[in-house]
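Hello,

Here is the structure I promised to pass on to you. Please open it first, and then read my notes below with the model on your screen.

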Amino acid sequence: MRIYILFLLSISVFTNCTESNETTTPTIAKEIAAEPASTSWLGKWERNEWQNESDMEIKSINKDSIIFSISAISGGHMGDLEGTAVVHKNIATYLNTEGGDTCLIVFTLSGDSVITVDQKQGLCFAGMGVSYSGKYINAKLPSAQEQKETLLSLEIFNTTEQDSLFKNLVGDDYDLFVNSTQLTSESDDLDSLHATVTASGVRGLFTSMENIIMIDKKNMIWAAVIDGDEVLYFTNSSAYKNKLPQTIESWRERFKEYEVVYK
């Protein structure tokens, strides 16, 4: 009889515990519901990387999510993306599996001045060589303004002396060389001038935006750049004032129809 009473008491305790858990579960779920996203996400953001610029706008907040649009370029290629990213604290995650491409992007907010974008997976509707990754600065801040690049900052030249000498040689056409510099490679010196040869071009715009620069240890320069349907040629070498080095002739094989202008 004593055992039977204990058995009934055990069933009663178990039943009460079960009913208690079922009653409290919805309350707990409400307590751990996601917090709304911070308004610090809102606004326009800019990635100022040479020939790889990008603009992002976070237009609104919907509870624990941000609604964003982002446009990026790499030379002549571009990409555009719009979507909704789910926010947890200072990290927002965007995932899209449509169109046979799994696009995964993580946004990290630092204060109200920087968002770091990490394109972890997928092309995300962007052209070849285009990425959304990088550091985006709040467009309201002075640091978001684009810095003027030079052939020294782009590491075509090693010294300020070389860059200044080149500016004096090419004059107002200096920006043609800067603007056509993105993808660079070293080429062979076919003339045995003991020169370092650097050929550059813009992604997606080769034969329209390209240049080549040869410079030796004595700062002798031979250089050419595409300007429309012409090739502008510059040198401080008297022996090559009116003729192209074979290295530059080889470089222009793909656009021989362009007239050479000796500057």
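This is a predicted model: local features need pLDDT of at least 70, side-chain atom pairs count only at pLDDT 80 or more; totals for chains, interfaces and linings use all residues.

Y262 forms an aromatic pair with Y233, and the arrangement is edge-to-face: the ring centres are 5.6 Å apart, with 80 degrees between the planes. Y233 belongs to strand 13 and Y262 to strand 14, so their pair ties together parts that lie 29 residues apart in sequence.

How many aromatic pairs does a search of the whole structure find? The search gives 10. One of them joins F68 and F107, a tilted pair with 5.0 Å from centre to centre and 55 degrees between the planes. This pair also links distant parts of the chain, since F68 sits in strand 3 and F107 in strand 6 (residues 103–110), 39 residues apart. F68 and F107 are both buried. Elsewhere, ring pairs connect F157, F166, Y174, F177 and F234 into a cluster.

Two lysines are worth a look as well. The charged end of K167 sits over the ring of Y174, 5.2 Å from the ring centre. K243 has its charged end over the ring of Y240, at 5.0 Å from the centre.

Eight of them form a closed barrel, in the order 1-2-3-4-5-6-7-8, and the pairing is antiparallel. From one strand to the next, the twist averages 30 degrees. To see one of these pairings up close, go to strand 2 (residues 54–62) and strand 3 (residues 65–74), which run antiparallel and are joined by eight bridges. There you will find M56 opposite I70 of strand 3.

The loop between strand 2 and strand 3 holds K63. Its phi is near 60 degrees, a positive value in a residue other than glycine. Is K63 buried or exposed? With a relative accessible area of 66%, K63 is exposed.

C124 also has a phi near 60 degrees, again positive in a residue that is not glycine. You can find C124 in the loop between strand 7 (114–121) and strand 8 (134–138). C124 has a relative accessible area of 0%, so this cysteine is buried.

Helix 2 covers residues 160–170, and its buried residues are Q162, D163, F166 and V170. Viewed down the helix axis, these buried residues fall within an arc of 95 degrees, so they line one face of helix 2. The other side of helix 2 has T160, E161 and N168, which are exposed. What do the buried residues of helix 2 pack against? Their partners are helix 3 (174–179), strand 11 (210–216), strand 12 (221–227) and strand 13 (230–235). One of those buried residues, F166, is also part of the ring cluster mentioned above. After helix 2 comes G171, with a positive phi near 60 degrees.

A last stop is T181, in the loop between helix 3 and strand 9. Its relative accessibility is 2%, so T181 counts as buried. Leaving aside neighbours within four places in sequence, T181 is in contact with W50, Q51, L151, L154, I156, S200, G201, V202 and N211.

Best wishes

Conventions: Residues are numbered from 1 along each chain as its sequence is written. Side-chain values use heavy atoms; hydrogens and water are left out. Buried means under 20% relative accessible area, exposed over 50%, partly exposed in between (1.4 Å probe, protein chains only). Helices (H or I, at least four residues) and strands (E, at least two) are DSSP runs, numbered from the N terminus. The arc is that of the directions from the helix axis to the C-beta atoms. Contact means heavy atoms within 4.5 Å. Two strands pair if DSSP finds at least two bridges between them. Axes are lines fitted to C-alpha atoms, for helices over the stretch in contact, and angles run from 0 to 180 degrees between N-to-C directions. Rings of Phe, Tyr and Trp (its six-membered ring) pair if their centres lie within 6.5 Å; planes under 30 degrees apart count as stacked, over 60 as edge-to-face and the rest as tilted. A charge sits over a ring if NZ of Lys or CZ of Arg is within 6 Å of the ring centre and within 35 degrees of the ring normal.
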